[in-house]
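Colleague: Could you walk me through a few features of this model with me asking as we go?
Modeller: Gladly, let's take a look together.

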Amino acid sequence: MQPEAKDPEEDSVWEEPPSMLWGLDPMFNAFTRLYVKDILQMRESCQVSGIYFYNSHPIFKVYVLGTVVYKREREDFFCYGVDDGTGVINSLCWKDEPWREQGDPATRARSFGSSAREDFNPANELKKLRQAKHSSSHLEIGELLRVRGPVKTSRQQREIMASTYYKVSDPVMAVQISWMMEVPQLYRQCYDKPFHLDSSAQNPNIQGGSASYLLGRATRILKDFLKEKEVTRFRPYDVQDLLQPLVSRQPQKTAAEQVHIQWEEQEPEAGPSSGPPTSFKQLRELLQKSLQILQDEGLVFRKVKCQDEVYHVTEQDKNLLMAIRDILREDCRREKYAEKGCHILHILSSVRQRYSRNVSKAALELVLKALECNSDIISTSDILGHSTNYLKWE
């Protein structure tokens, strides 16, 4: 099976990150649990062969669980076709030296069974361990296989050069069910979120990444404040003083930098003291960026966008909780949603019509998660985890 061709317009828009920055992505050194369909469609790097990109994440090692649908054996290796339900990929599994020295597995199994009644012999026990390893690595069509290793492209076909592979005994399908529950979560939490480099990584002139460090600390301070105080809503000046110590601890600038800053802040016809203090501008900018991060994560939202900036805390907004609960209770009684439930985008549209058009999808997901933890609703998703329905639990 060959990888599907990508849209040339998409290729022109997407820009591959420099190879020296790939190590900043945690997925680069991990065995990524991707679906076979996505492995076959990954974009290969134009800088280094053998490196692929999924949603801007650099990947060269994968981890797959699937059923063996075909098998080819050679003197030095096995080639298994692994099917995980989304596609089939070749897995090249090399034999080690002890493997080739052994004979037929069934004959050895009978001989080891007859010697099991003898006294303990370290040499025989070592042979039994090797036999067990051999049996777990010798698969037939229809058996379940775990395989992980780097991805290679050979003769225009993607395949896995297995570094570890073994047969999985799963009579009640517990392993497969656990896998189908874990992988969609990894997609939602990691794989489907693009890898973005901060300004300190992209610009070597920023020393130590002080801007991103301050922004991360400011965001954590605001999160801790909202969690401890359990406020329902606030204005920016209510939390502004919390970030003041971060700005006051900034390293002192040189005299040349201070003159340059004062020159930029002054207007053409204004005097030297017309501009606001630099520390206040930094504090205001840091606060705005931190609040924007909280909005992107769905922790806060602005019910009405007006001159008076009022931020509502998502988890503490009882009116939003009641509105979502009423929408689910009413719509799930309709014949259209009675069986499969309401899609999250349908709920989002209804919330924006009834409550506030500024409620984000991230904020809605937080409320739905809280309702699910309280057993007010149950959620269902497809096998790939790309769409989610929520049902009112009565």
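Colleague: Is Ile177 buried, partly exposed or exposed?
Modeller: Keep in mind that this is a predicted model. Ile177 lies in helix 6, residues 174-191, and has a relative accessible area of 45%. Buried means under 20% and exposed means over 50%. Because its 45% falls in between, Ile177 is partly exposed.

Colleague: Which residues make the nonpolar surface patch of about 400 Å²?
Modeller: Ile177 takes part in that patch, and a patch residue needs over 30% relative accessible area. The patch is made by Met173, Ile177, Met180 and Met181.

Colleague: Which element gives the largest share of the largest nonpolar core?
Modeller: That core has 33 residues, and Leu34, Ile39, Val64, Tyr80, Leu145 and Val147 touch the most other members. Several elements each supply at least two residues, including helix 2 (36-41), strand 7 (144-154) and helix 6. The largest share, five residues, comes from strand 4.

Colleague: Within what arc do the buried residues of helix 15 fall?
Modeller: Happy to look down the axis! The buried residues of helix 15 are Ala363, Leu364, Val367, Leu368 and Leu371. They line one face of the helix, because seen down the axis they fall within an arc of 135°.

Colleague: Which exposed residues does the face of helix 15 turned away from its buried side carry?
Modeller: Helix 15 covers residues 361-373 and reaches 18 Å from its first C-alpha to its last, close to the 18 Å expected. On the face turned away from the buried side, the exposed residues are Lys369 and Cys373.

Key:
Residues are numbered from 1 along each chain as its sequence is written. This is a predicted model: local features need pLDDT of at least 70, side-chain atom pairs count only at pLDDT 80 or more; totals for chains, interfaces and linings use all residues. Side-chain values use heavy atoms; hydrogens and water are left out. Patches are made of residues with over 30% relative accessible area and no salt bridge: like charges are joined within 9 Å, nonpolar side chains (Val, Leu, Ile, Met, Phe, Trp, Tyr) within 5 Å. Accessible areas come from the Shrake-Rupley method with a 1.4 Å probe; for residues, only the protein chains shown count as cover. A salt bridge is a side-chain nitrogen of Lys or Arg within 4 Å of a carboxyl oxygen of Asp or Glu. Helices (H or I, at least four residues) and strands (E, at least two) are DSSP runs, numbered from the N terminus. Buried means under 20% relative accessible area, exposed over 50%, partly exposed in between (1.4 Å probe, protein chains only). The expected span of a helix is 1.5 Å times one less than its number of residues. The arc is that of the directions from the helix axis to the C-beta atoms. A nonpolar core is a set of buried Ala, Val, Leu, Ile, Met, Phe, Trp, Tyr and Cys residues joined through side-chain atoms within 4.5 Å.
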